[in-house]
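Subject: Structure for you to look through

Dear colleague,

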Amino acid sequence: MVSLRLLLSSSLALLQATPSSAFATAPLSSSRVGSVERRQEVGPLFAEDNNPFGFVQGLFSGGTAVAQPKTPAIPDVVVESDYTLAAVFASIGLSSVFLGHDIFTSVFGGLFVLLATLFAVQASRIRFVFDGEAFELKNASGDDEQLSDSGENIVVGGANRWKYDSFVNYEFFPKGSPVPILVYFKETQTVKEDGSNDGQVHFFPAIANCKQLEEQFALRGCAKIRD
């Protein structure tokens with residue numbers, strides 16, 4: 001009885017608040033008002049596409065599904081060439097050749113000049129590439145620097161391509177030097193001649209931007225032994 005009385009009083013209040021012209025022809029009884037209200041409460045359970053089972057989906061739905069944005073993939077990177085090592089070796093070599101006072105110093109200087117030439121040629125020809133799966137050495141050719149496969153590794157065999165999850169360590173030598181000479185890394189992808197793959201060490205002259213190399217090694221999740 002109490003709930004019925006509250007329903008009637010709320011219905012009357014609603015009628016009083018609504019302009020009389022809207023109900024002039026057929027005033028609603030309290031029972032009809034109650035049924036209208038019940039239909040209004042039930043109505044939102046049905047889907048707008050008239051699906052008779054839409055209310056079931058509404059009952060069990062956890063809310064509106066929001067598509068999560070995809071994490072953008074890390075773009076491929078070709079590390080810039082660096083001729084600093086070649087320039088340093090050329091300076092030492094030429095200075096030794098022209099300023100040396102004995103044959104030993106001249107020969108020593110000539111060796112540095114040859115190494116400087118080799119480093120310059122390699123810096124112009126070889127590119128260090130990071131793609132979505134692996135670190136790779138590629139050959140660059142032409143004015144537009146078309147990249148191609150560098151072939152097998154002349155020291156340990158196999159392709160010059162190593163997956164990031166195979167890395168055990170990487171470093172630049174001398175450590176902390178403003179002009180690194182060697183790029184070092186160790187990986188377990190290469191199978192040795194005895195059939196083991198406990199780790200293969202690689203050294204490359206620092207003919208590419210070592211700062212970019214270090215950034216990419218870290219960004220791609222390559223393992224590194226911390227001092």
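Two strands are said to pair if DSSP finds at least two bridges between them, while helices (H or I, at least four residues) and strands (E, at least two) are DSSP runs, numbered from the N terminus. Please keep in mind that this is a predicted model, in which local features need pLDDT of at least 70 and side-chain atom pairs count only at pLDDT 80 or more, whereas totals for chains, interfaces and linings use all residues. Residues are numbered from 1 along each chain as its sequence is written, and side-chain values use heavy atoms, with hydrogens and water left out.

I would begin with strand E3 (residues 134-141), because seven of its eight residues are buried (under 20% relative accessible area, where exposed is over 50% and partly exposed lies in between, with a 1.4 Å probe and protein chains only), so that E3 is largely enclosed by the rest of the structure. E3 runs antiparallel to strand E2 (residues 126-130), to which five bridges join it, and valine 129 has glutamate 136 in E3 as its bridge partner. The hairpin from E2 to E3 passes through three residues. Four bridges hold the antiparallel pair of E3 and strand E4 (residues 146-149), with lysine 138 opposite aspartate 149 in E4. Three bridges join E3 to strand E5 (residues 161-163), again antiparallel, and here alanine 134 stands opposite lysine 163.

Further along, three strands form an open sheet in the order E6-E7-E8, with antiparallel pairing. Its edge strands, each pairing on one side only, are E6 (167-173) and E8 (200-205). Between E6 and strand E7 (residues 182-187) there are six bridges, and phenylalanine 167 is partnered with glutamate 187 in E7.

What about disulfides, and how many are there? Taking a disulfide as a pair of cysteine sulfur atoms within 2.5 Å, the count comes to zero. Cysteine 210 is buried at 11% relative accessibility, and cysteine 222 is buried as well, with a relative accessible area of 7%.

Lastly, please find isoleucine 92, which lies in helix H4 and is partly exposed, with a relative accessible area of 35%.

Best wishes
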